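Student: I have a model open on my screen and would like to learn how to read it. Could you walk me through it, feature by feature?

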Amino acid sequence: MNRRLSTVFAGSTEELCALDHASTFQLVAATILSAQCTDERVNLTTPALFARFPDAPALASADLSDVEVLIRSTGFFRAKARSLVGMAQGVVGRFGGEVPSQLEQLVTLPGVGRKTANVVRSVAFGLPGLPVDTHVQRLSLRLGLTAETDPVRIERALNAMIPASQRGAFSLRLILHGRATCRARGPRCEWCVLADFCPSAPAAGPPDRRRPARPASPQRTSSEFSGDRGETLHTAPNGTSTKLMPLAGNSDSKLGIKRRRPAQAAFLTAG
Ligand code: SF4
């Protein structure tokens with residue numbers, strides 16, 4: 001599966017990371033800002049923030065109000081400003097100005113949870129780390145990788161399936177695939193490179209592999225709509241329409257995804 005996704009989302013963990021940064025410290029700060037915010041918005045915000053506060057010592061001594069002004073557009077700016085300054089003070093005060101690489105130490109920093117810590121470990125340090133965000137949660141369930149819904153349990157389940165050296169890149173590829181194709185509402189199964197072995201794919205059959213994955217559109221397109229009964233109509237480029245009806249007892253039922261076979265982890269190594 002990772003190999004299949006890498007044909008669409010190529011590159012190393014560092015290259016797959018969408019957050020602009022020039023140091024490990026800046027990656028931590030950018031990841032904190034990315035909560036409930038798009039990477040694009042974060043990347044528009046951090047140049048001014050990092051120009052004024054480029055490293056931990058600078059941000060540790062910043063006035064909260066100055067930071068708030070600079071990050072306001074990312075949302076939850078007061079809480080994020082407290083996390084950023086607190087994180088910087090923690091790095092300076094407890095770790096000698098260097099961001100630690102151990103997960104147990106990272107999560108002691110304000111604003112740094114397990115997901116952020118795993119981003120930092122995998123992207124900045126090249127260490128095993130599998131961030132589980134909302135996309136990884138959703139795709140893990142749809143792909144039948146695990147029935148767990150708790151992020152920590154999902155991380156453990158996926159860790160058991162993925163070689164340590166590939167965990168970070170696999171997570172980032174799932175995130176990118178979740179944004180572009182396996183979207184929360186209106187997954188584009190007809191474009192999906194995983195459709196031939198995804199248990200949630202429509203029963204119509206595998207996709208035409210010659211079709212490239214299309215980027216996500218911020219707007220719902222005219223090729224998709226949800227009907228009164230919750231069904232979703234997918235219209236392929238050739239004009240063929242497929243109506244997907246919701247199934248009872250399926251967490252994705254409102255999305256009209258049918259599970260066509262039981263969960264299976266073995267296909268992680270397929271393709
Ligand atoms: S086939 Fe559909 S549900 Fe399965 S991973 Fe692809 S887009 Fe998601």
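**Reading the model together**

Tutor: Gladly! Let's start at the ligand: the shell around the ligand has 10 nonpolar, 2 polar and 2 charged residues. Keep in mind that this is a predicted model.

Student: How many residues surround the ligand, and which are the closest?

Tutor: The ligand is surrounded by 14 residues, and the closest are C182, C189, C192, C198 and A201.

Student: Now for the overall fold. Which secondary structure does the chain have?

Tutor: You can count 12 helices and 3 strands in the chain. Of its 271 residues, 38% are buried.

Student: How do I read a pair of helices, say α3 and α7? At what angle do their axes cross?

Tutor: The general idea is to compare their N-to-C directions. Here helix α3 (residues 24-33) and helix α7 (residues 77-95) have axes that come within 10 Å and cross at roughly 155°. An angle over 145 degrees counts as roughly antiparallel, so α3 is roughly antiparallel to α7. Their crossing is right-handed.

Student: Which residues of α3 and α7 meet?

Tutor: On the α3 side, look for F25, V28, A29, I32 and L33; on the α7 side, K80, S83, L84, M87 and V91. By class, this contact has 8 nonpolar, 1 polar and 1 charged residues.

Student: Is α3 mostly covered, or mostly open? How many of its residues are buried?

Tutor: Mostly covered, with 9 of the 10 residues of α3 buried. They are F25, Q26, L27, V28, A29, A30, T31, I32 and L33.

Student: What do the buried residues of α3 pack against?

Tutor: Several helices: α4 (39-52), α5 (56-60), α6 (64-71), α7 and α9 (114-124).

Terms used. Residues are numbered from 1 along each chain as its sequence is written. This is a predicted model: local features need pLDDT of at least 70, side-chain atom pairs count only at pLDDT 80 or more; totals for chains, interfaces and linings use all residues. A residue is near a molecule or strand if its C-beta atom, placed from the backbone, lies within 6 Å of it. Ala, Val, Leu, Ile, Met, Phe, Trp, Tyr, Cys and Pro count as nonpolar, Asp, Glu, Lys and Arg as charged, and the others, Gly among them, as polar. Axes are lines fitted to C-alpha atoms, for helices over the stretch in contact, and angles run from 0 to 180 degrees between N-to-C directions. Helices (H or I, at least four residues) and strands (E, at least two) are DSSP runs, numbered from the N terminus. Angles under 35 degrees count as roughly parallel, over 145 as roughly antiparallel, 65 to 115 as roughly perpendicular and the rest as oblique. A crossing is left-handed if the near helix is turned anticlockwise from the far one by less than a right angle, and right-handed if clockwise. Two residues are in contact if their C-beta atoms, placed from the backbone, lie within 7 Å. A residue is buried if 20 or more other C-beta atoms lie within 10 Å of its own, exposed if 12 or fewer, and partly exposed in between; C-beta atoms are placed from the backbone.
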